[in-house]
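Hi everyone, thanks for coming. Please have a look at it on the screen while I talk.

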Amino acid sequence: MPGKNLSRDEAQQRAGLLSVIGYEVHLDVTSAPEADAATFRSVTTIRFRCAEPGASSFADLLAPAVRAVTLNGRALDPAQVFDGARVALDDLAAENVLVVDADCAYSRTGEGMHRFTDPVDGETYLYTHFEPADARRVFANFEQPDLKAPYRFTVTAPAAWDVYGNAAEESVAAEGTARTWTFLPTRPISTYLTAVVAGPYHVARDSWAGELPDGSTLEIPLAATCRKSLAPYFDAEEIFEVTKQGLDFFHREFDYPYPFGKYDQLFVPEYNIGAMENPGCVTFREEYVFRSKVTEASYQGRANTILHEMAHMWFGDLVTMKWWDDLWLKESFADFMGSFGLQEATKYQSAWVTFANQRKAWAYRQDQYPTTHPITADIRDVEDAKLNFDGITYAKGAAVLKQLVAYVGRDAFFDGARQYFKRHAFGNTVLGDLLEVLAETSGRGAAAMADWSAAWLETSGVNTLTPVVTVDAEDRIAELMIIQDGETTRPHRIAVGLYDREPDGALVRSARVEVDITGNWTAVEEVVGRPRPALVLVNDDDLTYCKIRFDDDSLATLRESLGDIRDTLARALAWSACWNLTRDGLLPARDYLDLVLEFAGAESDIGVLQTLHAQAHVALDVFVDPSYRAEGGRLIADAALRELRAAAPGSDHQLAWARFLASSADSAEHLQLLEGLLAGTARIDGLEVDQDLRWLLWTALAAAGRADQAQLDAELARDNTASGSQKRTQALAARPTAEAKAAAWSAVVDSDELPNAMVGAQTAGFQQAGQRELTAPYVARYFELLETIWAERSIEIAIRFVGGFFPRLQTDQATLDATGAWLTEHPQAAPALRRLVLECQDELARALQAQQADRG
Ligand SMILES: [Zn+2]
């Protein structure tokens, strides 16, 4: 579609020409509950100035039909000025009024105005999601972050509904079976931050109050909502508790009063991402409303997301990046603040362990793709922008900010943030604006901050730090050298830990030194003369962003006793380093599995344990030599059952091992146990076989050919919910038959009717681990369809197709060659599509390399 992919150049040009005075948006969604509802009425009035009267520009709108366009009182012919993506605006005056009356489409992909019908009670729910550029699916606008303006929304909806927007409601007027909500004008915000949520949502309310520096009191009304059918599971008290702790924390640290009035948090169905920071109207994926028992790691993850979104009220909403190149200015900060706030203000005290072990694994993976990019990115258009919500922008950026705090100190860091908010409130910024305040508050000066930025923000790739230990005749350290590898070396402020055994066998830190790493070789003088330790841990306390290696003696210590490291963070760092060694083909994958078999049972941190489970599956599915898969699989399934039986009844660890058993079971004995747990004829003391666990067991049985459609339908009848429907779909697709694979493939490929969540369920079931032969016939078809799907589907669905159906189970040279051939033959394919395929290719090449290493 012409003009659908808005470019940075166009946006820059438009921002130079136009400034927006304000929007009035009226949406009529009274049609939403009708079964065949396709569109809703959207009437937008934009008042804006033009710096060069007589000039031309355009507004953005993705709508099936436009009824009328009026510019400065002149009626324009929609057929002439609207091409499906843009409204052409010619002969602009110094001050303009544009009115666009359109029929916009309800969405089933989570983009724009998503419409969902609850199978439990038939109720309809709506919510919007716009980032980076989908507000234009709901109303006509200038879709770029630097044309901020106040918005006044009015929404006409069924009378029994509630409607939520960015601002508080001013009035609600009844008109027959409908009501119209008129909202107060917002503060100046960007298009992608506007939001409307409507439906018969269940709501809980509370409020927060805090004293401001001037002695006055700020009161913020709080609301938390979910679908009515989820209300029995909604733990609003816990959500409000974290919310209030966050508001206390950010007011203390940021010293800028929350500027958006109320604070609603809405848990919505079929959401594409974790959450979205719409000012005053934050939307979350409703999987955060836990229907079944989950581990503490899930509660911590949700609390982290709550704080991440709240940090955005300042980093992102109050001060916004000028264009998507500087997306990191909000996402890196919010990601850092999520963990920082968790640790400082809540009961979740393993925030940095999770960050080191999970979040950074994401960054390391992404940073080694050929498609990696500097944290400050080069974003040519909104398709590029869509793909940059990645491990670099979030996790690496956050890790680099953690390093910045180590470099300039916590006080200087927060002083800088406070200056930044005051100076740029309701405005837009670029990298230089941040460096400017940091140069002032850190006392390090502009040149030092520019050097820091050049090293960390403006280059890509991860450094590797390797210790080289030399000992003298008395077995004392004669020299400890740290080697830095990587395309560019960087300055790192790190801690080095030396660990020794206690009499009880525990590995405990006996010395810690902080050192500045520069260049390729750095000697750590402070440890010379100390007895040779059992373990040297570089980047102890996880201050910097790097991959770490071990000297031979330390690696031998880990192989023998990784689980004996007493400190949770140090142990998590050791686990993470061993995983990187495996991914890099330096540690045979079966050796990594041995570490998991040996030490995971004693891992106390539940988040780390769940990561180990996931990584063990990757190691087994794609990294070990294929000839070892059967034996390795048996070993991990046996270990899962052993640890399940040994875990404390009712504990999180018990649940984690039960899930791991369900995903590993392949012997008749194990599968019979799963059947017994479902039927209630087998019991594990303290393990509640609740609905989510039931679906996991059913999926395992279906994948093993031990559950048929009738049984899965019966389970759906028992759990006739949105979640149940998705899980049944996944289980059906996981069955080990050619027909099941064909049905899953066809459901996604032959029709564009499936909602986003169902596409995900189909691809997950299709790529069931171990079903290589069944999915092999789809390799050629996949590559044939790539460009068509990319062109014809919305980007959310296309991304699911590209990643979900990529033949990642076919770890062989032929599939790698087929991937390379497609890339060679399609140099002109959309850059965002090529990027996704390049990343899949890289993972596949890495798997082949790891298999080679595993063969020895
Ligand atoms: Zn974010």
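Let me start with residues 240–447, where the chain is 58% helix and 8% strand, and the end C-alpha atoms are 44 Å apart. Helices here are DSSP runs of H or I with at least four residues, strands are runs of E with at least two, and both are numbered from the N terminus. UniProt, in an unreviewed entry, annotates this stretch, residues 240–447, as "domain: Peptidase M1 membrane alanine aminopeptidase". UniProt positions are given in the numbering used here, feature names are shortened, and annotations may be inferred rather than shown by experiment.

Before going on, a word on what you are looking at. This is a predicted model, in which local features need pLDDT of at least 70 and side-chain atom pairs count only at pLDDT 80 or more, while totals for chains, interfaces and linings use all residues. Residues are numbered from 1 along each chain as its sequence is written, and side-chain values use heavy atoms, with hydrogens and water left out.

Now to the metal. Which residues coordinate the zinc ion? They are His-308 and His-312, each through NE2, and Glu-331 through OE, at 2.0 to 2.1 Å. Donors means N, O and S atoms within 2.8 Å of the metal (3.2 Å for Na, K and Ca); water is not among the atoms, so sites may look incomplete. Along the sequence, the spacing of the zinc donors reads H-x3-H-x18-E. The two histidines, His-308 and His-312, both sit in helix H4 (residues 296–312), four residues apart, about one turn of the helix. Are they buried or exposed? Both His-308 and His-312 are buried, where buried means under 20% relative accessible area, exposed over 50%, and partly exposed in between, with a 1.4 Å probe and protein chains only.

Next, a glycine. Gly-397 belongs to helix H8 (residues 392–408), and it counts as buried because its relative accessibility is 3%. Leaving out residues up to four places away in sequence, Gly-397 touches Ser-332, Ile-375 and Ile-392; contact means heavy atoms within 4.5 Å. Pro-374 is 23 residues from Gly-397 along the chain, and their C-alpha atoms are separated by 9.5 Å.

Let's move to the other annotated stretch. UniProt's unreviewed entry places "domain: Aminopeptidase N-like N-terminal" at residues 116–193. Over residues 116–193 the chain is 0% helix and 42% strand, with the end C-alpha atoms 21 Å apart.

Why can we call E8 largely enclosed by the rest of the structure? Because five of its six residues are buried. Strand E7 (residues 95–107) runs parallel to E8, and two bridges join them; strands pair if DSSP finds at least two bridges between them. Here Ser-107 stands opposite His-114 in E8. With strand E9 (residues 124–129), E8 pairs in the antiparallel sense over six bridges, and Arg-115 stands opposite Leu-126 in E9. The hairpin of E8 and E9 has six residues between the strands, and there Gly-122 takes a positive phi near 75 degrees.

Now some rings. How many aromatic pairs does a search of the whole structure find? The count is 58. Rings of Phe, Tyr and Trp (its six-membered ring) pair if their centres lie within 6.5 Å; planes under 30 degrees apart count as stacked, over 60 as edge-to-face and the rest as tilted. One of the pairs is Trp-745 with Phe-805, which is tilted, at 4.8 Å centre to centre and 50 degrees between the planes. This pair links distant parts of the chain, with Trp-745 in helix H22 (residues 738–749) and Phe-805 in helix H26 (residues 795–805), 60 residues apart. Both Trp-745 and Phe-805 are buried.

Last stop: two residues in neighbouring helix numbers. Gln-654 is in helix H17 (residues 652–664), and it is buried, with a relative accessible area of 2%. Beyond four places in sequence, the contacts of Gln-654 include Leu-644, Pro-649 and Ile-684. His-670 lies in helix H18 (residues 668–679), and it counts as buried because its relative accessibility is 2%.
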